[in-house]
Amino acid sequence: MFSVELLDSALFASVFRALIPILLAAIGGLICERAGVFNIGLEGLMLSGAFAAVAGSYFSGSAYAGVLSGVVAGVAVSSVLAYGAVTRKGDPIVLAVALNLFAVGITAFLLVAVWDVRGVFQDPRIVGLKTMPIPALSQLPWLGSVLFNLTLVGYVALLVVPVVQLVLFRTAVGLRLRGVGERPLAASSLGVQPGRYQYGAILASGALCGLAGAQLSLGNVVQFAENMTSGRGWIAVVAVMLARAHPVGVLGAALLFGFAEAIGFRLQGNGLPSQLTDAAPYVVTLVALVVARRQFARASTSVAT
Amino acid sequence: MDEGPGGLRGSPPGPFPVRIAAHEEGDRVAELELRGITKRFPGVLANDQIDISVAKGEIHALMGENGAGKSTLMSILYGLYQPDAGEIWLRGERRRFSSPIEAIDAGLGMVFQAFKLFPSLTVAENVIYREEVTRRGLLDHREANRRVTEIADRYGLAVDPTARVERVPVGVLQRVEILKALYRDAQVLILDEPTAVLTPQEAERLFTILRALADDGRTIIFITHKLKEVMAISDRVTILRDGRAVASLTTRETTAAEITRHMTGRDVELRAWPVTRPAGAPVLTCEGLSATGDDGRVVLDSVDLTVRAGEIVGIAGVAGNGQTELAEVIAGLRTAAGGVVTIAGTEVSRAGVAARRKAGLAYIPEDRHGVGTAPTADATDNLSLGHHRSGPLVRRGVLQRGQMVERARELIARFQIKIAGPGTMVGTLSGGNLQKIVVAREMAYHAPLLIAEQPTRGVDIGAIEFVHQQIAQYRDGGGAVLLISAELSEILNLAQRILVMFEGRVVAELDAATATESELGLFMAGGGTGISAVTTVDGTESEHAR
């Protein structure tokens, strides 16, 4: 029943639409993971970013001001997590769960408080992100029209992968961050303060999730809907686990989930019930988690202390 | 290097800068001097006016029982604690270290007992951490590897700078720690019980390295429990007891007996506990016991062993060669991949811990904080654990608190546990007293079989003697004991038969009456086993694991 037309460039376009928010959030999660903080607050950070991006765009009339406010909101909310988990030494899991619930509540509340809207807020005054086709490259057949026809946030997302790869594995800061994540006591015995790196990592994940949210609410669509992230932040968490916190692997995992979402969307067009096709990314998530679990079991080597 | 003309008196000829014997230091500035160091913790005077002076190029041993204040003193020196009173003088200059990094910058290096390394990073990355070699903002791995190799070659610290630390054996990890200090140009190197994780041969090698470092003008402070090492390697020794420096001696002018007397305040010598009766019927038998580790590698490979009533069987081996897993598999804490375990006539190969205990097992685990006790529970609860299933402590399913407290009081008295009372949280106890809690509880089972895993690790001499006595009495009362220990003298003093484990196998069985430490050490290092033993752990799991 999968006809060949399923794999056309329109499908790839929707793969990338689905992939970019997940990728950005997952890279944020990856940085935290490398710093030794298991950040499951990506969902809430992303949702906060999506809301702030719409609000920023609505009030300023500029999509980029919207993106900026998304980033600021992501950083602001993540600073709560950083303060609680690092400064106050709280459990990051508990804090992040609270933060996720808070994000759902506060955005829905503000939707009513500011615009007196429930559910979905759409308005012509919200300026969306435009795609920026790169001359010549975007004319290339097949992937060219997809890969070189992204929003600014989309390009940033794809650039973030090699940049993070480089910083993590080829710079002193990356070496220290990885050390902090693996053995914070060893790091502090050499004068590296784990808290600082963990703060930085959590705030960076806030900024990246803010970007992810902005892409979601100003790029993929131009609106804010209650709980519009609908599990993408969780999928990003899974992507980090699946890729064992390697940037390139995270890109691969995000691609996988992007495909799942896009194919689900396409199948819906082919007449499958939407309840079923909407479940596609989550089915992939479940399968991936089972596979990842086995990998983890194998990866956990006995480490000399 | 900077000796005045007077410093050369009586110096041996040779290519290295001169080592200054300690008694000659009087007229010159000491490399390191601690003056009147005092540190008080709530209820404890950990360091009481300690004075220590260490000359440049000297190997200075720091000895003392647990709780004597060695760790506190070194933590103060390394900037982890601030002293309440007292001064640190380094090369004639008064210093204050408010963090380890300040101590490192002043030329101090510390090799902790628990290595502070990053397993997933390479040896070179571990060494250069925070002192990275970069070129145009990026890490220069080649240059880092070169520098690490250069230092390593200079002092015979053979390491592969590109190896991942998680794949490197323990003896090499220690060299990485030493390299870390040398890379930061440590002039004073502090080693906290460095030989605890080494085979005798590896320890010898470490001593050669330390000697080379001292000959190069570096100063070594060496914390140890082991008299033999003090006598073998140190120039001088300072002995701490109850937070005070009770003696500073020149090693070649003293004796082991004198040091022991200073340490304990009495004459204690660890003695052997010979058997009085021949061994009886088998109590524990293991046949073809195999198991895999957490990472899926084979850690136990067809182990056969028997322990008889009235007999202590010692398991020797370098840490990480399957001893821990052997104890876990027999105790039921780890599932065996294959093989048969029989305790006092009951086959328990697939049974859970409770069934094994019922069959006649008592178990003193290696990890007394995590496995042996519940640190946040009080002595009463800890001493009752496992004894709550039946008997006087429980009536119709309800614990009898009064009985438990009564019993705890009795055990505390009998085992001379220094604790405020049965209601005191055991997590606050010193290593020796915590271990006595575990020993008291397990002995109280009067089980036919006792597995004692590292029963005296990190415990002071007085407590070691006590635990040894208890174990010997247990045996003499007809108990079967499987003694797993990294301490060869412990095994030689207590056991009748000794099995040596290497890479998950029993590679040798020796009669304790005739075995020597060097013989054991050879087997522990995988020597004398012929060809195949070395290759078993890696790929061939399915073959052995059944």
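This is a predicted model: local features need pLDDT of at least 70, side-chain atom pairs count only at pLDDT 80 or more; totals for chains, interfaces and linings use all residues.

Student: Which residues is Val500(B) in contact with, leaving aside its neighbours within four places in sequence?

Tutor: A contact here needs C-beta atoms within 7 Å. With neighbours within four places in sequence left aside, the partners of Val500(B) are Ala316(B), Gly317(B), Val506(B), Val507(B), Ala508(B), Leu520(B), Phe523(B) and Met524(B).

Student: Which helix gives the largest share of the side of chain B that touches chain A?

Tutor: The contact takes 22 residues from chain A and 26 residues from chain B. On the chain B side, helix 2 (100-105), strand 8 (138-139) and helix 5 (170-183) each supply at least two residues. By class, that side has 14 nonpolar, five polar and seven charged residues. The largest share, three residues, comes from helix 2 of chain B.

Student: How many of the 14 residues of helix 5 of chain B are buried?

Tutor: Helix 5 of chain B reaches 20 Å from its first C-alpha to its last, close to the 20 Å expected at 1.5 Å a residue. Its buried residues, which include Arg175(B), Glu177(B) and Lys180(B), pack against strand 6 (108-111), helix 3 (123-128), helix 4 (141-155), strand 9 (188-192) and helix 6 (200-215) of chain B. Helix 5 of chain B is mostly covered, and the number of its residues that are buried is eleven.

Student: Which residue follows helix 5 of chain B with a positive phi?

Tutor: The phi in question is near 60°. The residue is Asp185(B).

Student: At which residue does helix 6 of chain A bend?

Tutor: Helix 6 (residues 152-170) of chain A has 19 residues and should span 27 Å at 1.5 Å a residue; its end C-alpha atoms are 26 Å apart, which agrees. The bend is about 30°, and Pro162(A) follows within four residues. The residue at the bend is Val160(A).

Student: What covers the buried residues of helix 6 of chain A?

Tutor: The buried residues of this helix are Val153(A), Gly154(A), Ala157(A), Val160(A) and Val164(A). An α-helix has 3.6 residues a turn, so residues three or four places apart point the same way. What covers the buried residues of helix 6 of chain A includes helix 1 (9-34), helix 3 (63-87), helix 9 (194-220) and helix 11 (247-269) of chain A.

Student: Is helix 2 of chain A largely enclosed or largely open?

Tutor: Helix 2 (residues 42-60) of chain A reaches 26 Å from its first C-alpha to its last, close to the 27 Å expected at 1.5 Å a residue. Gly61(A), which follows this helix, has a positive phi near 75°. Of the 19 residues of helix 2 of chain A, 17 are buried, so the helix is largely enclosed.

Student: Is Gly74(A) buried or exposed?

Tutor: Gly74(A) lies in helix 3 of chain A. A residue counts as buried with 20 or more other C-beta atoms within 10 Å. Gly74(A) has 35, so Gly74(A) is buried.

Student: Is Gln416(B) buried or exposed?

Tutor: Gln416(B) lies in the loop between helix 13 (401-414) and helix 14 (431-443) of chain B. Its phi is positive, about 50°, although Gln416(B) is not a glycine. With 12 C-beta neighbours inside 10 Å, Gln416(B) counts as exposed.

Terms used
Residues are numbered from 1 along each chain as its sequence is written. Chains are lettered from A and ligands numbered from 1 in the order in which they are written. Two residues are in contact if their C-beta atoms, placed from the backbone, lie within 7 Å. Ala, Val, Leu, Ile, Met, Phe, Trp, Tyr, Cys and Pro count as nonpolar, Asp, Glu, Lys and Arg as charged, and the others, Gly among them, as polar. The expected span of a helix is 1.5 Å times one less than its number of residues. The bend at a residue is the angle between axes fitted to the seven residues ending there and the seven starting there.
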